[in-house]
Amino acid sequence: MSSDQSRLARRQVLKRCGGVSVTLLGVAAGSGTGAAASSISEQHSTAVASSVTQDDGDTENTPADVYDEYIDDVVLVNVFGGLDDEPGVPEGDGPETPAGIGSGFVVDDAVVTNHHVVREAETVELQFRDEQWRTADVVGTDIHSDLAALEVDDLPEETEGITLAEDEPTVGEEVLALGNPLGLDASISQGIVSGVNRSLPSPTGFSIPAAIQTDAPVNPGNSGGPLVDLSGDAVGVVFAGAGQTIGFAISAALANRVVPSLLEDGSYDHPYLGVSVAPVSPIVAEANDLEDARGVMVVGTVSDGPAADVFETAEPGPTVDGVPVPVDGDVIVAIDDTEIPSQERLSSTLALETEPDETITIDVLRDGDEETVELTLEERPSETDF
(Lines give C-alpha, C1' and ligand atoms only; values in the text may rest on other atoms or scores of the structure.)
Protein backbone atom coordinates (compact mmCIF):
# COMPACT_ATOMS: atom_id res chain seq x y z
CA MET A 1 0.00 0.00 0.00
CA SER A 2 1.38 3.45 -0.93
CA SER A 3 1.85 6.19 1.68
CA ASP A 4 -1.05 8.17 0.17
CA GLN A 5 -3.33 5.12 0.33
CA SER A 6 -2.23 4.50 3.91
CA ARG A 7 -3.08 8.09 4.91
CA LEU A 8 -6.48 7.85 3.23
CA ALA A 9 -7.27 4.57 4.97
CA ARG A 10 -6.22 6.04 8.32
CA ARG A 11 -8.48 9.07 7.80
CA GLN A 12 -11.42 6.81 7.00
CA VAL A 13 -10.81 4.90 10.22
CA LEU A 14 -10.60 8.16 12.20
CA LYS A 15 -13.93 9.36 10.80
CA ARG A 16 -15.64 6.04 11.53
CA CYS A 17 -14.35 5.94 15.09
CA GLY A 18 -14.72 9.63 15.91
CA GLY A 19 -17.24 10.06 18.71
CA VAL A 20 -18.00 12.36 21.59
CA SER A 21 -15.54 12.46 24.45
CA VAL A 22 -16.00 15.23 26.99
CA THR A 23 -12.92 16.44 28.85
CA LEU A 24 -13.04 19.68 30.81
CA LEU A 25 -9.87 21.74 31.03
CA GLY A 26 -9.53 24.73 33.34
CA VAL A 27 -7.21 26.72 31.07
CA ALA A 28 -7.81 30.44 30.52
CA ALA A 29 -8.00 31.72 26.94
CA GLY A 30 -6.55 34.98 25.69
CA SER A 31 -7.36 37.18 22.70
CA GLY A 32 -7.35 35.46 19.33
CA THR A 33 -7.13 38.33 16.89
CA GLY A 34 -4.32 37.08 14.69
CA ALA A 35 -2.24 40.13 15.67
CA ALA A 36 1.53 40.46 15.26
CA ALA A 37 3.58 38.27 17.56
CA SER A 38 5.95 41.00 18.67
CA SER A 39 6.74 39.17 21.86
CA ILE A 40 6.16 35.60 22.94
CA SER A 41 5.59 34.82 26.57
CA GLU A 42 6.22 31.36 27.89
CA GLN A 43 2.78 29.85 27.98
CA HIS A 44 2.18 26.17 28.02
CA SER A 45 -1.12 24.36 28.07
CA THR A 46 -1.20 20.60 28.29
CA ALA A 47 -4.14 18.79 26.78
CA VAL A 48 -4.91 15.70 28.81
CA ALA A 49 -7.31 13.17 27.41
CA SER A 50 -7.70 9.46 27.88
CA SER A 51 -9.17 7.11 25.34
CA VAL A 52 -12.82 6.30 25.85
CA THR A 53 -14.05 2.80 25.15
CA GLN A 54 -17.32 2.57 23.24
CA ASP A 55 -19.97 -0.07 23.86
CA ASP A 56 -18.75 -2.14 20.91
CA GLY A 57 -15.25 -2.30 22.35
CA ASP A 58 -13.67 0.09 19.84
CA THR A 59 -11.53 2.97 21.06
CA GLU A 60 -12.41 6.52 20.13
CA ASN A 61 -9.91 8.83 18.54
CA THR A 62 -7.67 10.72 20.93
CA PRO A 63 -6.46 14.28 20.39
CA ALA A 64 -3.07 12.76 19.55
CA ASP A 65 -4.66 10.72 16.74
CA VAL A 66 -6.34 13.78 15.24
CA TYR A 67 -3.25 15.96 15.63
CA ASP A 68 -1.00 13.40 13.96
CA GLU A 69 -3.33 13.00 11.01
CA TYR A 70 -4.37 16.61 10.33
CA ILE A 71 -1.67 18.98 11.55
CA ASP A 72 0.07 18.89 8.14
CA ASP A 73 -2.98 20.71 6.75
CA VAL A 74 -2.59 23.62 9.17
CA VAL A 75 -0.43 26.58 8.15
CA LEU A 76 1.06 29.69 9.67
CA VAL A 77 -0.12 32.75 7.75
CA ASN A 78 2.44 35.54 7.66
CA VAL A 79 1.43 39.01 6.49
CA PHE A 80 4.63 40.82 5.64
CA GLY A 81 4.60 44.39 6.95
CA GLY A 82 6.40 47.49 5.77
CA LEU A 83 5.90 50.73 3.88
CA ASP A 84 3.78 50.49 0.77
CA ASP A 85 4.94 52.37 -2.30
CA GLU A 86 2.26 54.44 -4.00
CA PRO A 87 2.31 56.38 -7.29
CA GLY A 88 3.62 59.89 -6.70
CA VAL A 89 4.94 59.06 -3.24
CA PRO A 90 8.73 58.82 -2.66
CA GLU A 91 9.89 55.23 -2.20
CA GLY A 92 9.54 54.14 1.41
CA ASP A 93 7.24 57.01 2.37
CA GLY A 94 3.94 55.24 1.70
CA PRO A 95 1.49 54.10 4.38
CA GLU A 96 2.60 51.30 6.64
CA THR A 97 1.02 47.88 6.19
CA PRO A 98 0.71 46.21 9.61
CA ALA A 99 2.59 42.94 9.85
CA GLY A 100 0.95 40.04 11.57
CA ILE A 101 0.56 36.32 11.86
CA GLY A 102 -2.36 33.98 12.05
CA SER A 103 -3.36 30.47 11.11
CA GLY A 104 -5.11 28.81 8.21
CA PHE A 105 -5.90 25.35 6.94
CA VAL A 106 -6.17 23.49 3.68
CA VAL A 107 -9.67 22.80 2.36
CA ASP A 108 -9.61 20.91 -0.94
CA ASP A 109 -6.88 22.76 -2.90
CA ALA A 110 -7.27 26.13 -1.15
CA VAL A 111 -6.41 27.62 2.23
CA VAL A 112 -9.05 29.13 4.50
CA THR A 113 -8.28 31.79 7.11
CA ASN A 114 -9.80 34.96 8.62
CA HIS A 115 -10.34 38.23 6.79
CA HIS A 116 -8.80 40.07 9.73
CA VAL A 117 -5.64 37.97 9.42
CA VAL A 118 -4.89 38.90 5.78
CA ARG A 119 -6.65 42.30 5.81
CA GLU A 120 -5.95 44.12 2.53
CA ALA A 121 -2.95 42.04 1.51
CA GLU A 122 -2.92 40.63 -2.02
CA THR A 123 -0.33 37.95 -1.27
CA VAL A 124 0.77 36.34 1.99
CA GLU A 125 3.39 33.83 3.05
CA LEU A 126 2.41 30.41 4.34
CA GLN A 127 4.61 28.11 6.38
CA PHE A 128 3.67 24.45 6.62
CA ARG A 129 4.54 22.06 9.41
CA ASP A 130 7.66 20.80 7.62
CA GLU A 131 8.85 24.46 7.57
CA GLN A 132 8.33 24.76 3.82
CA TRP A 133 7.25 28.24 2.73
CA ARG A 134 4.75 29.02 0.00
CA THR A 135 3.44 32.30 -1.40
CA ALA A 136 -0.35 32.41 -1.56
CA ASP A 137 -2.65 34.73 -3.49
CA VAL A 138 -5.59 36.18 -1.57
CA VAL A 139 -8.37 35.43 -4.06
CA GLY A 140 -11.32 36.48 -1.92
CA THR A 141 -12.20 37.99 1.45
CA ASP A 142 -15.46 38.73 3.21
CA ILE A 143 -15.44 41.16 6.12
CA HIS A 144 -19.03 40.28 7.10
CA SER A 145 -18.16 36.66 7.90
CA ASP A 146 -14.46 37.37 8.62
CA LEU A 147 -13.38 34.69 6.14
CA ALA A 148 -10.73 34.68 3.44
CA ALA A 149 -9.71 32.18 0.77
CA LEU A 150 -6.15 31.77 -0.48
CA GLU A 151 -4.77 29.93 -3.51
CA VAL A 152 -1.43 28.13 -3.53
CA ASP A 153 0.13 26.75 -6.72
CA ASP A 154 2.04 23.87 -5.17
CA LEU A 155 0.78 22.50 -1.88
CA PRO A 156 3.17 20.11 -0.10
CA GLU A 157 2.52 16.44 -0.83
CA GLU A 158 1.74 15.80 2.84
CA THR A 159 -1.42 17.90 2.73
CA GLU A 160 -4.73 16.11 2.26
CA GLY A 161 -7.18 18.83 3.28
CA ILE A 162 -9.58 19.19 6.17
CA THR A 163 -13.31 18.81 5.59
CA LEU A 164 -15.73 21.50 6.75
CA ALA A 165 -18.38 19.74 8.84
CA GLU A 166 -21.88 19.49 7.41
CA ASP A 167 -23.71 19.21 10.74
CA GLU A 168 -23.86 21.59 13.69
CA PRO A 169 -21.69 20.33 16.54
CA THR A 170 -23.24 19.09 19.77
CA VAL A 171 -22.84 21.20 22.88
CA GLY A 172 -20.49 19.30 25.16
CA GLU A 173 -18.60 17.40 22.46
CA GLU A 174 -14.83 17.54 22.49
CA VAL A 175 -13.03 19.83 20.03
CA LEU A 176 -9.44 20.78 19.29
CA ALA A 177 -8.00 24.11 18.15
CA LEU A 178 -5.09 23.62 15.76
CA GLY A 179 -2.90 26.58 14.89
CA ASN A 180 -0.04 28.86 15.82
CA PRO A 181 -0.81 30.71 19.09
CA LEU A 182 1.73 33.45 19.77
CA GLY A 183 3.66 32.24 16.75
CA LEU A 184 4.26 28.81 18.29
CA ASP A 185 3.77 26.66 15.23
CA ALA A 186 1.81 23.43 14.98
CA SER A 187 0.10 23.75 18.37
CA ILE A 188 -3.00 22.04 19.72
CA SER A 189 -5.38 22.99 22.53
CA GLN A 190 -8.34 21.03 23.80
CA GLY A 191 -11.82 21.83 25.02
CA ILE A 192 -15.50 21.30 24.36
CA VAL A 193 -18.22 23.03 22.41
CA SER A 194 -19.59 25.42 25.03
CA GLY A 195 -22.40 26.84 22.92
CA VAL A 196 -23.74 27.27 19.40
CA ASN A 197 -25.61 29.96 17.47
CA ARG A 198 -23.68 32.82 19.08
CA SER A 199 -23.47 36.28 17.50
CA LEU A 200 -20.03 37.86 17.09
CA PRO A 201 -19.23 41.55 16.62
CA SER A 202 -18.21 42.80 13.20
CA PRO A 203 -16.58 46.13 12.24
CA THR A 204 -19.34 46.62 9.66
CA GLY A 205 -22.03 46.94 12.35
CA PHE A 206 -23.65 43.65 11.34
CA SER A 207 -23.13 40.60 13.52
CA ILE A 208 -21.48 37.35 12.47
CA PRO A 209 -24.19 34.75 13.13
CA ALA A 210 -24.25 31.04 13.99
CA ALA A 211 -20.84 31.10 15.71
CA ILE A 212 -19.44 28.29 17.85
CA GLN A 213 -18.35 28.95 21.44
CA THR A 214 -15.59 26.83 22.97
CA ASP A 215 -13.44 26.67 26.09
CA ALA A 216 -10.45 25.43 24.08
CA PRO A 217 -7.69 28.01 24.73
CA VAL A 218 -7.09 30.37 21.81
CA ASN A 219 -4.51 33.14 21.68
CA PRO A 220 -3.20 35.69 19.14
CA GLY A 221 -2.06 33.66 16.17
CA ASN A 222 -4.81 31.02 16.49
CA SER A 223 -7.18 33.09 14.34
CA GLY A 224 -8.00 31.40 11.06
CA GLY A 225 -7.11 27.91 12.20
CA PRO A 226 -9.55 25.01 12.36
CA LEU A 227 -11.63 24.00 15.37
CA VAL A 228 -11.96 20.27 14.72
CA ASP A 229 -13.94 17.44 16.24
CA LEU A 230 -12.52 14.01 17.04
CA SER A 231 -13.26 12.88 13.48
CA GLY A 232 -10.95 15.59 12.18
CA ASP A 233 -13.70 17.65 10.55
CA ALA A 234 -13.59 21.42 11.04
CA VAL A 235 -16.71 22.52 12.94
CA GLY A 236 -15.52 26.10 12.70
CA VAL A 237 -12.81 28.61 11.78
CA VAL A 238 -11.26 30.09 14.93
CA PHE A 239 -12.20 33.76 15.24
CA ALA A 240 -11.14 35.10 18.63
CA GLY A 241 -10.76 34.48 22.31
CA ALA A 242 -12.54 36.55 24.92
CA GLY A 243 -10.69 35.39 28.03
CA GLN A 244 -12.10 33.37 30.90
CA THR A 245 -11.97 30.16 28.82
CA ILE A 246 -14.27 31.59 26.15
CA GLY A 247 -13.27 31.38 22.50
CA PHE A 248 -15.26 31.62 19.30
CA ALA A 249 -15.18 30.13 15.83
CA ILE A 250 -17.08 31.00 12.66
CA SER A 251 -19.33 28.03 12.01
CA ALA A 252 -18.59 25.52 9.27
CA ALA A 253 -22.19 26.04 8.13
CA LEU A 254 -21.42 29.68 7.26
CA ALA A 255 -17.99 28.85 5.85
CA ASN A 256 -19.54 26.22 3.57
CA ARG A 257 -21.66 28.97 1.99
CA VAL A 258 -19.03 31.72 1.85
CA VAL A 259 -15.74 30.02 0.91
CA PRO A 260 -16.80 28.51 -2.46
CA SER A 261 -18.03 31.94 -3.56
CA LEU A 262 -14.77 33.58 -2.46
CA LEU A 263 -12.80 31.10 -4.55
CA GLU A 264 -15.03 31.50 -7.60
CA ASP A 265 -15.97 35.18 -7.50
CA GLY A 266 -13.66 36.76 -4.92
CA SER A 267 -16.61 37.89 -2.82
CA TYR A 268 -19.85 36.74 -1.22
CA ASP A 269 -23.25 38.44 -1.27
CA HIS A 270 -25.10 38.27 2.05
CA PRO A 271 -28.90 38.56 2.23
CA TYR A 272 -30.25 41.77 3.70
CA LEU A 273 -33.57 42.38 5.46
CA GLY A 274 -33.00 45.95 6.58
CA VAL A 275 -34.59 45.90 10.03
CA SER A 276 -33.57 46.68 13.57
CA VAL A 277 -35.14 44.42 16.18
CA ALA A 278 -35.41 44.00 19.95
CA PRO A 279 -36.03 40.80 21.92
CA VAL A 280 -39.52 40.21 23.22
CA SER A 281 -38.80 39.81 26.91
CA PRO A 282 -41.54 39.26 29.52
CA ILE A 283 -41.63 43.03 30.15
CA VAL A 284 -42.08 43.74 26.42
CA ALA A 285 -44.69 40.99 26.11
CA GLU A 286 -46.70 42.41 29.02
CA ALA A 287 -46.55 45.97 27.65
CA ASN A 288 -47.88 44.71 24.30
CA ASP A 289 -50.55 42.35 25.71
CA LEU A 290 -48.80 39.34 24.18
CA GLU A 291 -49.56 35.88 25.54
CA ASP A 292 -45.97 34.65 25.25
CA ALA A 293 -42.53 36.21 25.37
CA ARG A 294 -41.35 35.02 21.96
CA GLY A 295 -40.04 36.44 18.72
CA VAL A 296 -38.35 39.77 17.99
CA MET A 297 -40.03 43.17 17.70
CA VAL A 298 -39.29 45.42 14.74
CA VAL A 299 -38.13 48.75 16.15
CA GLY A 300 -36.84 50.27 12.92
CA THR A 301 -36.39 49.76 9.17
CA VAL A 302 -33.94 51.21 6.64
CA SER A 303 -35.78 53.84 4.59
CA ASP A 304 -34.79 52.39 1.22
CA GLY A 305 -34.37 48.79 2.37
CA PRO A 306 -36.46 45.72 1.46
CA ALA A 307 -38.52 45.95 4.67
CA ALA A 308 -39.26 49.68 4.52
CA ASP A 309 -42.97 49.43 3.67
CA VAL A 310 -43.60 45.96 5.04
CA PHE A 311 -43.48 46.21 8.83
CA GLU A 312 -45.09 48.40 11.45
CA THR A 313 -42.29 49.66 13.67
CA ALA A 314 -42.44 50.08 17.43
CA GLU A 315 -42.89 53.30 19.35
CA PRO A 316 -41.46 54.16 22.79
CA GLY A 317 -43.89 53.00 25.47
CA PRO A 318 -43.90 53.02 29.28
CA THR A 319 -40.52 53.28 30.97
CA VAL A 320 -38.98 50.69 33.26
CA ASP A 321 -36.09 52.00 35.34
CA GLY A 322 -35.92 54.96 33.01
CA VAL A 323 -35.77 52.86 29.83
CA PRO A 324 -38.73 53.04 27.41
CA VAL A 325 -40.34 49.73 26.45
CA PRO A 326 -41.07 49.33 22.71
CA VAL A 327 -44.77 48.92 21.88
CA ASP A 328 -47.03 48.49 18.87
CA GLY A 329 -44.35 47.04 16.58
CA ASP A 330 -44.65 43.90 14.47
CA VAL A 331 -43.23 40.83 16.18
CA ILE A 332 -41.43 38.43 13.84
CA VAL A 333 -42.12 34.86 14.96
CA ALA A 334 -41.20 32.78 11.86
CA ILE A 335 -39.50 32.96 8.47
CA ASP A 336 -40.55 30.38 5.87
CA ASP A 337 -41.94 28.20 8.68
CA THR A 338 -38.70 28.40 10.71
CA GLU A 339 -39.44 29.70 14.20
CA ILE A 340 -37.62 32.90 15.20
CA PRO A 341 -37.42 32.97 19.01
CA SER A 342 -34.46 35.38 19.24
CA GLN A 343 -32.26 37.89 17.44
CA GLU A 344 -29.58 35.21 17.10
CA ARG A 345 -31.97 32.85 15.34
CA LEU A 346 -33.15 35.64 13.03
CA SER A 347 -29.54 36.36 11.98
CA SER A 348 -28.58 32.72 11.53
CA THR A 349 -31.75 31.87 9.58
CA LEU A 350 -31.18 34.72 7.16
CA ALA A 351 -27.47 33.91 6.80
CA LEU A 352 -27.77 30.14 6.37
CA GLU A 353 -31.14 29.62 4.70
CA THR A 354 -31.73 32.60 2.40
CA GLU A 355 -29.97 34.60 -0.30
CA PRO A 356 -30.29 38.00 -2.02
CA ASP A 357 -33.22 38.40 -4.44
CA GLU A 358 -35.12 35.59 -2.71
CA THR A 359 -38.74 36.25 -1.73
CA ILE A 360 -39.50 35.01 1.78
CA THR A 361 -42.65 34.76 3.89
CA ILE A 362 -42.57 36.15 7.40
CA ASP A 363 -45.10 35.43 10.14
CA VAL A 364 -45.69 38.42 12.42
CA LEU A 365 -47.87 39.30 15.36
CA ARG A 366 -49.63 42.58 14.56
CA ASP A 367 -52.25 44.17 16.81
CA GLY A 368 -52.79 40.85 18.55
CA ASP A 369 -53.30 38.83 15.36
CA GLU A 370 -50.88 36.64 13.42
CA GLU A 371 -50.36 37.73 9.83
CA THR A 372 -48.07 36.68 6.99
CA VAL A 373 -46.14 39.18 4.92
CA GLU A 374 -43.79 38.74 1.96
CA LEU A 375 -40.69 40.62 0.92
CA THR A 376 -37.72 40.19 -1.40
CA LEU A 377 -34.31 40.25 0.23
CA GLU A 378 -31.54 42.41 -1.16
CA GLU A 379 -27.76 42.31 -1.10
CA ARG A 380 -26.28 43.52 2.18
CA PRO A 381 -24.59 46.94 1.99
CA SER A 382 -21.00 47.40 3.17
CA GLU A 383 -22.14 48.93 6.47
CA THR A 384 -25.34 49.03 8.48
CA ASP A 385 -27.45 52.18 8.44
CA PHE A 386 -28.51 51.71 12.08
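A: Let's start with a term: a cavity is a set of grid points where a 1.4 Å probe fits but cannot get out, while a pocket is an open set. This is a predicted model, and a search of the whole structure turns up three cavities of 30 Å³ or more.

Q: What makes the largest cavity count in that search, and what lines the space?
A: Its volume is about 70 Å³, and the search takes cavities of 30 Å³ or more, so the largest cavity qualifies, being a space the probe cannot leave. The lining consists of Ile-71, Val-74, Leu-76, Gln-127, Phe-128, Arg-129, Asn-180, Asp-185 and Ala-186.

Q: What is the volume of the largest pocket, and which residues lie nearest its centre?
A: The volume is about 520 Å³. Of the 22 residues in the lining, Phe-206, Ser-207, Val-275, Leu-346 and Ser-347 lie nearest the centre. Strand 15 (271-272), strand 16 (275-279) and helix 6 (343-353) are the elements that give two or more residues to this lining. Helix 6 has the largest share, with six residues. By class, the pocket lining holds 11 nonpolar, nine polar and two charged residues.

Q: Why is Arg-119 called partly exposed?
A: Its relative accessibility is 26%. Buried means under 20% and exposed means over 50%, so Arg-119 lands in between and counts as partly exposed. You'll find Arg-119 in the loop between helix 3 (115-118) and strand 6 (123-127), with a positive phi of about 50° although it is not a glycine.

Q: And why does Asp-328 get the label exposed?
A: At 54% relative accessibility, Asp-328 is past the cut-off, since exposed means over 50%. Asp-328 belongs to the loop between strand 19 (323-327) and strand 20 (331-335). Asp-328 also has a positive phi, about 65°, although it is not a glycine.

Q: What makes strand 12 and strand 13 a pair?
A: Two strands pair if there are at least two bridges between them. Three bridges join strand 12 (residues 226-228) to strand 13 (residues 234-243), so they pass, and they run antiparallel. One detail here is that Leu-227 has Gly-236 in strand 13 as its bridge partner.

Q: In what order do the strands of the closed barrel run, and what packs around there?
A: The six strands go 9-10-11-14-13-12, with antiparallel pairing. From one strand to the next, the twist averages 45°. Helix 4 (residues 252-265) packs on the sheet and touches strand 11 (208-214), strand 13 and strand 14 (246-251), its direction making about 40° with that of strand 14. Helix 6 lies across strand 10 (187-200) and strand 11, running at about 110° to strand 11.

Methods
Residues are numbered from 1 along each chain as its sequence is written. This is a predicted model: local features need pLDDT of at least 70, side-chain atom pairs count only at pLDDT 80 or more; totals for chains, interfaces and linings use all residues. Side-chain values use heavy atoms; hydrogens and water are left out. Helices (H or I, at least four residues) and strands (E, at least two) are DSSP runs, numbered from the N terminus. Buried means under 20% relative accessible area, exposed over 50%, partly exposed in between (1.4 Å probe, protein chains only). On a 1 Å grid over the protein atoms alone, a cavity is a set of points where a 1.4 Å probe fits but cannot get out, and a pocket is an open set with protein on both sides within 12 Å along at least five of seven lines; lining residues have an atom within 4 Å of a point. Grid points are joined across faces, edges and corners, and a volume is the space filled by probe spheres set on the points. Ala, Val, Leu, Ile, Met, Phe, Trp, Tyr, Cys and Pro count as nonpolar, Asp, Glu, Lys and Arg as charged, and the others, Gly among them, as polar. Axes are lines fitted to C-alpha atoms, for helices over the stretch in contact, and angles run from 0 to 180 degrees between N-to-C directions. Contact means heavy atoms within 4.5 Å.
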